[in-house]
Amino acid sequence: MNNIGIKVSLIITIVAIIFSSCDQNKIYDTYVDLDNSIWNVDTLPTYNFEIEDETVLYNISYNIRYADVYPYYNLYMKYFLEDSSKNIIDSELQEIILFDKKTGTPLGDGLGDIFDREVLIFEGFKFPSKGKYTFKVKQFMRVDNLPGIMSFGLRIDKPEK
């Protein structure tokens, strides 16, 4: 095989690996980085996405990147799900546990002092209709500036068949 054939084979292999590793069930997956790893009470990470099939039941997860300097074991927050007309169609106060209550060990995957925790918040969620939606999250920890939260993400998947 000549050099051009080897290069073409290598490119095809790399492209095949990339496409085979893509998550076919993923609808949306985005992080919002928080300035200076501080979640200000007035900062609402916002996610805009579109639902093309309202008959599917979706799984919705938070992806939280945090440092071990986070001063609490839990995180209270409130989400707001809006339709395309900016009507709030769902909202709830939630508690996410970031550290083991007894040992103080961070939960999730980590390297050094930074950890990532994916938390399934809705399994089998049904959107009322096709269209564009906005999902906003507000921290509810009774402090204006919450240190140690580096970024906050939202992931929406179709369940595995």
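Buried here means under 20% relative accessible area, exposed means over 50%, and partly exposed is whatever falls in between (1.4 Å probe, protein chains only). The model is a predicted one, so local features need pLDDT of at least 70 and side-chain atom pairs count only at pLDDT 80 or more, while totals for chains, interfaces and linings use all residues. Residues are numbered from 1 along each chain as its sequence is written, and side-chain values use heavy atoms, with hydrogens and water left out.

Strand 4 (residues 58–67) is a handy place to start, with nine of its ten residues buried; strands are DSSP runs (E, at least two residues; helices are H or I, at least four), numbered from the N terminus. Pairing takes at least two DSSP bridges between two strands. Strand 4 runs antiparallel to strand 8 (residues 114–125) over nine bridges, with Y58 sitting opposite F125. Strand 4 also pairs in the antiparallel sense with strand 11 (residues 149–157), this time over eight bridges, and there I60 faces I156.

Now for the charges. A salt bridge is a side-chain nitrogen of Lys or Arg within 4 Å of a carboxyl oxygen of Asp or Glu, and that rule gives four of them. One of these is R65 with D116, at 2.7 Å between the closest N and O atoms. R65 lies in strand 4 and D116 in strand 8, so the pair ties together parts 51 residues apart in sequence. R65 is partly exposed at 27% relative accessible area, and D116 is partly exposed at 28%.

K136 bridges to E82 with closest N and O atoms 3.5 Å apart. Since K136 lies in strand 9 (residues 131–139) and E82 in strand 5 (residues 74–82), this pair ties together parts 54 residues apart in sequence. K136 counts as partly exposed at 24%, but E82 is buried at 8%. R155 and D157 are both buried; their salt bridge has a closest N and O distance of 2.8 Å, and D29 joins the two in a network of salt bridges.

Strand 6 (residues 88–97) holds L93 as well as Q94. L93 is partly exposed, at 47% relative accessible area, whereas Q94 is buried at 9%. The side chains of Q94 and Y62 make a polar contact of 2.4 Å (N or O atoms within 3.5 Å; within protein, one must be able to donate a hydrogen and the other to accept it, and residues adjacent in sequence count only if both atoms are side-chain atoms).
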